[in-house]
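Keep the viewer open as you read.

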Amino acid sequence: MVLQSFKNCLWRSCVLRTPKACFWSTASGGLIIQSVSNDVYQNLAVEDWIHDHMDLEKQQILFLWRNSPAVVIGRHQNPWQECNLRLLRQKNVKLARRRSGGGTVYHDLGNVNLTFFTTRKKYERMGNLKLVVKALKALRPQLDVHVTDRYDILLNKQYKISGTAAKLGRTSAYHHCTLLCNADKFVLSSVLKSPYKGLKSNATPSVPASVKNLFEEDASLTSEIILDAVAKEYAVQHQIDHHITLINPADETLLPGISNKTKELQNWEWVYGKTPKFSISTCLNMAYKDSVLDVKVNMDVKHGRIEACNIDLPEQWLPPGLYSELVKSLIGSKFCPNEITMLVTTLLKVCPQDNELHSRWSLLCENMIRLM
Amino acid sequence: VCIHRVRSCSSVRFIKSKYVCVFDKSALKFSHQQRLFRTSPVSCGQIVQFKLSDIGEGITEVTVKEWYIKEGDSVSQFDSICEVQSDKASVTITSRYDGIIRKLHYSIDDIAFVGKPLVDIEIDPSKGVSPEEDVVETPPMSHEEHTHQEIKGHKTLATPAVRRLAMENNIKLSEVVGTGKDNRILKEDILNYLAKQTGAILPPSPKAEIVPPVRRTETVPAAPKDRARRAPVPVSRPIAFSGKDRSEPVTGFQKAMVKTMSAALKIPHFGYSDEIDLTQLVQLREELKPLAEIRGVKLSFMPFFIKAASLGLLQYPILNASLDENCQNVTYKASHNIGVAMDTEQGLIVPNVKNVQVCSVFDIAVELNRLQSLGSAGQLGTSDLTGGTFTLSNIGTIGGTYAKPVILPPEVAIGALGKIQVLPRFNGKGEVFKAQIMNVSWSADHRVIDGATMARFSNLWKSYLENPATMLLDLK
């Protein structure tokens with residue numbers, strides 16, 4: 001396997017789409033690239049960039065990438081429904097929304113991602129997955145891996161080791177899939193379990209599955225070995241050299257406009273704001289003094305912002321003026337714990353200085369924030 | 001369109017003609033030409049049903065997930081119309097036509113069928129026939145350059161929409177490199193060509209943004225001496241500024257700030273400023289910084305400022321008080337919960353260090369570190385952000401010397417610290433020395449605090465900081 005710098009590949013001539021002799025004269029049909037970054041946003045931005053800018057008519061592309069711990073939700077999913085956002089924040093696990101459809105996955109360095117770029121016409125997922133299976137079997141013939149008709153790859157006919165998603169544009173398309181080599185299954189299962197109750201939405205739900213790492217089946221397998229095996233098989237099938245070209249997703253001269261794409265993917269409006277409309281109908285159990293209050297809460301959230309909100313408090317528990325002030329401020333706010341914390345603490349400054357009132361307010365607000 | 005035609009064609013035959021169809025225009029201009037049209041004639045203003053095209057893999061139905069346009073919007077060819085999903089694949093559907101959206105056949109979450117109409121688009125009458133098919137022309141007899149399609153005997157492939165764009169911008173199609181199939185010239189090729197040639201800002205399309213004039217500098221001579229000798233190159237095209245005002249509703253945290261600041265304004269503020277010589281403190285901090293680092297804590301100047309303020313508040317407790325709404329009672333707060341203003345992405349937040357009166361400088365540094373990392377991660381809790389009694393705002397880290405800080409209700413005082421500058425000052429012997437000077441600007445509630453109190457507090461605070469050893473005497 002030879003790794004060469006991207007600049008050697010006359011990348012820019014490919015980019016400008018002028019039919020100058022470039023890569024395809026020496027290695028037509030395909031190109032294999034690997035990201036040097038482990039940042040999920042940067043890597044997703046590379047996918048966007050290739051999808052938008054590269055002409056895939058003459059050569060298809062295989063993109064190999066790995067991320068430091070991150071949860072990646074599908075284009076039309078609801079992060080509150082899919083994962084434990086509180087735990088993600090605590091453990092510093094990033095949350096990203098990709099542009100392709102499908103369900104939620106957990107990435108860490110023990111998981112490899114493979115993206116197959118083709119023209120829209122040549123989009124074909126089964127073929128790609130069969131290529132991956134062939135590569136794995138060539139590596140370890142005794143591995144029992146096969147592709148299901150749901151485009152999953154199963155190990156020992158039981159455990160999911162790969163999930164698939166795809167994005168189709170006007171002229172180009174990509175199919176990407178994960179491959180569990182040696183990911184942290186404990187973190188995976190804990191972050192992918194949503195604690196939020198009472199959510200109702202039409203967002204695409206994920207289908208949970210039992211997973212297993214390839215490493216557990218054969219301890220000699222590592223992410224690097226598996227990546228290389230897939231690249232080798234791709235090279236064979238596309239009749240190209242088994243060269244993997246490294247790219248740096250932060251290189252603006254190589255990939256003009258990439259930093260904007262990265263920023264867009266990190267933006268709250270994309271990650272949370274693109275959540276399809278949903279509603280929450282739940283009950284807060286607030287322990288106050290010697291009793292426990294059951295407080296029904298109903299909220300509608302659209303574009304990640306609170307559109308409507310109703311809190312069923314006992315009468316006069318909070319002065320009515322203050323309650324309506326709270327509800328008025330919540331409407332239009334982001335459904336985000338930080339935003340709401342800042343909001344309620346700021347509002348408290350203009351409240352009458354009453355310890356009882358303050359403790360009630362804090363109790364209610366803390367419980368509300370836990371919903372987010 | 002008519003005006004362009006007049007300019008471009010030297011023959012002025014058809015100033016007043018109204019062109020409704022491609023056929024009419026072409027018949028008038030290229031009377032001797034032969035044309036091959038593979039399209040069937042489409043009369044204009046017609047509503048075309050844009051059908052959902054094949055997704056591939058034998059898929060027949062998809063779910064509509066997001067509309068990018070609504071009825072009444074105008075679209076250009078290749079603009080995104082909607083996002084649909086089918087079996088883990090998300091597909092962006094783009095428009096085939098230029099026109100106006102007249103009807104959306106589906107709502108969000110509806111199932112849409114391949115081959116059935118997705119949207120109705122009213123084709124723009126001036127844009128002519130559906131650009132789905134190509135118009136291939138054999139070499140014409142007319143001599144207008146921009147309409148002259150022959151390039152050394154080759155035919156140039158381009159859709160009518162692209163040809164029109166080239167014509168409007170006085171571009172010879174022969175000079176444009178086509179990157180589409182069979183070297184067809186695409187809209188993008190015309191735009192790229194334009195950007196490179198004139199280096200000017202392109203005329204705005206309906207959704208245009210301001211194109212930063214980066215490329216323009218390349219056409220202007222770079223050497224300053226050249227500029228001095230000759231006049232700057234005049235811009236050949238009128239600059240089109242297509243920026244628009246943007247309105248956003250005031251929501252959430254911003255709304256709360258509006259309320260708080262409006263309340264703050266009701267407090268009669270008075271200000272008091274002074275200059276502090278931090279030369280000794282700078283030295284002290286340099287000595288203590290490595291010790292703090294060994295303990296895993298970053299030591300800034302703030303812990304010193306905060307502790308000195310608390311020592312001052314012990315002498316002047318009125319500054320750590322709160323006035324009730326009706327101005328009937330003043331509550332002297334026992335705890336010195338000193339707030340530190342922090343600038344985050346969301347805006348100004350003021351977490352506070354609790355009970356400074358019983359904390360050492362090191363304790364304060366530890367707590368500040370904690371609040372700062374939580375603040376930048378956006379994870380501050382409600383208890384960190386409530387209960388403050390006195391605030392310091394270190395605006396000097398960003399810049400500035402004097403400020404006029406606004407008191408945060410229900411507090412009665414606030415201090416803004418400017419940046420530390422190295423300035424010349426006179427010492428006791430009348431010699432000039434290098435002093436580390438910082439300015440402080442206090443604001444206080446004049447209903448309960450008078451100028452003299454503020455001045456005395458400030459002097460005390462100043463003396464602690466100018467001679468840090470004196471803090472030792474009063475530390476509790």
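A charge sits over a ring if NZ of Lys or CZ of Arg is within 6 Å of the ring centre and within 35 degrees of the ring normal. In chain A, A:R125 is placed over the face of A:Y151, at 4.0 Å from the ring centre.

A word on the ground rules. This is a predicted model, in which local features need pLDDT of at least 70 and side-chain atom pairs count only at pLDDT 80 or more, while totals for chains, interfaces and linings use all residues. Residues are numbered from 1 along each chain as its sequence is written, chains are lettered from A and ligands numbered from 1 in the order in which they are written, and side-chain values use heavy atoms, with hydrogens and water left out.

Back to B:F301, which belongs to one aromatic cluster with B:F305, B:F390, B:W442, B:F457 and B:W461. Aromatic pairs are rings of Phe, Tyr and Trp (its six-membered ring) with centres within 6.5 Å; planes under 30 degrees apart count as stacked, over 60 as edge-to-face and the rest as tilted. Over all chains, the search finds 16 aromatic pairs. In chain A, the ring centres of A:F63 and A:W65 are 5.9 Å apart with planes at 15°, so this pair is stacked. Both A:F63 and A:W65 are buried (under 20% relative accessible area, with exposed over 50% and partly exposed in between, using a 1.4 Å probe and protein chains only). B:W442 sits in strand β21 (residues 432-445) of chain B and B:F457 in helix α12 (residues 451-466) of chain B, so the pair ties together parts that are 15 residues apart in sequence. Helices (H or I, at least four residues) and strands (E, at least two) are DSSP runs, numbered from the N terminus.

Now for the charges. A salt bridge is a side-chain nitrogen of Lys or Arg within 4 Å of a carboxyl oxygen of Asp or Glu, and the whole structure holds 31 of them over all chains. One joins A:E224 and A:R66 (3.3 Å, N to O). A:E224 lies in helix α9 (residues 223-238) of chain A and A:R66 in the loop between β3 (59-65) and β4 (70-73) of chain A, so this bridge links parts 158 residues apart in sequence.

Where do the side chains of A:K167 and B:E83 meet? They form a salt bridge at 3.1 Å, N to O; A:K167 is in strand β11 (residues 164-168) of chain A and B:E83 in strand β5 of chain B, so the pair joins two chains. A:K167 is buried, with a relative accessible area of 5%, and B:E83 is buried at 1%.

That brings us to the interface, where the rule finds 6 salt bridges between chain B and chain A. Another is A:D152 with B:K88 (3.1 Å, N to O). The contact (heavy atoms within 4.5 Å) takes 47 residues from chain B and 48 residues from chain A. Together the chains bury about 4200 Å², 51% of it on carbon and sulfur atoms; buried area is the accessible area (1.4 Å probe) that two parts lose on being put together, summed over both.
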